[in-house]
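Subject: Structure handover

Hi,

Here is the structure for you to look over. My notes on what turned up follow below.

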Amino acid sequence: MSNRTVILVTGATGVIGVEVCAELAGTPGVEVRAALHNPAKRGLLPDEVTTVPFAFEDPATIDAALDGVDKLFLLCPGGPVGPPFTRAVVDRLKGHRVEHIVKQSSFTPTRQPQAPTDLWALETEAMVRDTGIPWTFLQPPWCNQNFTRGYFVPMVAQGMLALPFGQGRSGWIDSRDVAAVAAKALLEPGHDGATYTLTGPELVSLADIAGILSEVAGRPIGYQHLTDEQWVQGAAAMGQPEEVAHATLALISKTRDGHAEDLTDDVVRVTGREPRTFETFARDHQDAIRALSGQGLG
């Protein structure tokens, strides 16, 4: 019998999942298995990571991916598909040997006013609790990597962060720090039943972020505050479903209205080191930021 621990990572090529795979890769006695929806993204993952075909809509692929898995990092797509996709996974856990689930959740989802994303997050957390399998929940705010390979990339490329954040500040976090906490929870005892509220070391606004990105990119990247109406209209023009646009707006509004100004020490308590600042993130990703900026120069 092998003493190897098999860890399955869903959402493996997203801004957090890819860092979880990188953090775990090469750990002695551990096989990292990435649930891969799009084979074209295999190159984002370390060579040591094993990949398996996976689709939340296909129970056969979920069963195959879970076969022989000891621990699960569960990250489902955001938005209204979160609950049904989470249900698709937890309903297949029976008959498999998964002994610990580390679930990616949402930042302070119980705090009022609750956005739809908060309610979806709480619904999925309840699903994981109901499995009876030991769990750990990670609740980070927006991740810095959204500016290099996520939600805000087109705005960086165009040189203008046009968003309805106002002057609101939040403890934006580096995905690598979320991944470091996830790895500790997956590899070490003592995290069962823990909920970690993860933040960076400082509160930053979108104006702060635009200034740092400008310096690193070597050209101006501005910040334009949008009204709620402008945001919804712009989202609709890009083909975003109305439900998703309004849910994202509600989440952004929590930051804009001062309901996300929390800083915690959970990263340092779990990992033993301070989380990275936004400036450190930007300088570490200078080449990627400058390449994106070049796309906006036409």
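Two strands pair if DSSP finds at least two bridges between them. Keep that in mind for the sheet notes. The model is predicted.

Start with strand β5, residues 100-104. β5 pairs with β6 in the parallel sense, over four bridges. Ile 101 stands opposite Trp 135 in β6. Between the two strands, the chain passes through helix α4, residues 116-130. That β-α-β crossover is right-handed.

On its other pairing, β5 is joined to strand β4 (residues 71-74) by four bridges. These two strands also run parallel. Lys 71 has His 100 in β5 as its bridge partner. β4, α3 and β5 form a right-handed β-α-β unit.

How many residues of β5 are buried? Five of its five, so the strand is mostly covered by the cut-off of under 20% relative accessible area. His 100, Val 102 and Gln 104 lie on one side. Ile 101 and Lys 103 lie on the other. Both faces are covered.

Strand β6 covers residues 135-139. Five of its five residues are buried, so β6 is largely enclosed by the rest of the structure. Trp 135, Phe 137 and Gln 139 point one way. Thr 136 and Leu 138 point the other way. β6 also pairs with strand β9, residues 194-197. That pairing is parallel, again over four bridges. Leu 138 has Tyr 196 in β9 as its bridge partner.

**Nonpolar cores**

The largest nonpolar core holds 34 residues. Which of them touch the most other members? Val 9, Phe 73 and Leu 138 do. The elements giving two or more residues to this core are β1 (5-9), α1 (17-24), β2 (30-36), α7 (175-187), β9 and α11 (266-271). α7 gives the most, with seven residues.

**Second largest pocket**

This pocket has about 280 Å³ of space. Its lining has 13 residues. Closest to the centre are Pro 154, Met 155, Ala 162, Trp 231 and Met 238. α6 (153-158), β7 (160-163) and α9 (228-237) each supply at least two lining residues. The largest share, four residues, comes from α9.

**Two buried residues to look at**

Asp 174 is in the loop between β8 (169-170) and α7. Is Asp 174 buried or exposed? Its relative accessibility is 0%, so Asp 174 counts as buried. Asp 174 touches Asn 144, Gln 145, Arg 276 and Phe 281, leaving out residues up to four places away in sequence.

Pro 83 is in helix α3, residues 82-90. Its relative accessibility is 6%, so Pro 83 counts as buried too. With residues up to four places away in sequence left out, Pro 83 touches Trp 120, Glu 123, Thr 124 and Met 127. Pro 83 and Thr 124 are 41 residues apart in sequence. In space, C-alpha to C-alpha, they are 5.5 Å apart.

Most residues other than glycine have a negative phi, and most peptide bonds are trans. The loop between β5 and α4 holds an exception to each.

Thr 108 is in this loop. Its phi is near 35 degrees, a positive value in a residue other than glycine. Thr 108 is buried because its relative accessible area is 13%, and the cut-off is under 20%.

Pro 113 is in the loop between β5 and α4 as well. The peptide bond from Gln 112 to Pro 113 is cis. Omega there is near -5 degrees.

Best regards

Definitions and conventions: Residues numbered from 1 in each chain as written. Predicted model: local features only at pLDDT ≥ 70, side-chain atom pairs only at ≥ 80, totals over all residues. Heavy atoms only, no water. Buried < 20%, exposed > 50% of the residue type's maximum accessible area, 1.4 Å probe, protein only. Right-handed = clockwise from strand over helix to strand, strands pointing away. Core = buried A, V, L, I, M, F, W, Y, C linked by side-chain atoms within 4.5 Å. 1 Å grid on protein atoms, 1.4 Å probe; cavity = no way out; pocket = protein on both sides within 12 Å on 5 of 7 lines; lining within 4 Å. Points joined across faces, edges and corners; volume = space filled by probe spheres on them. Contact = heavy atoms within 4.5 Å.
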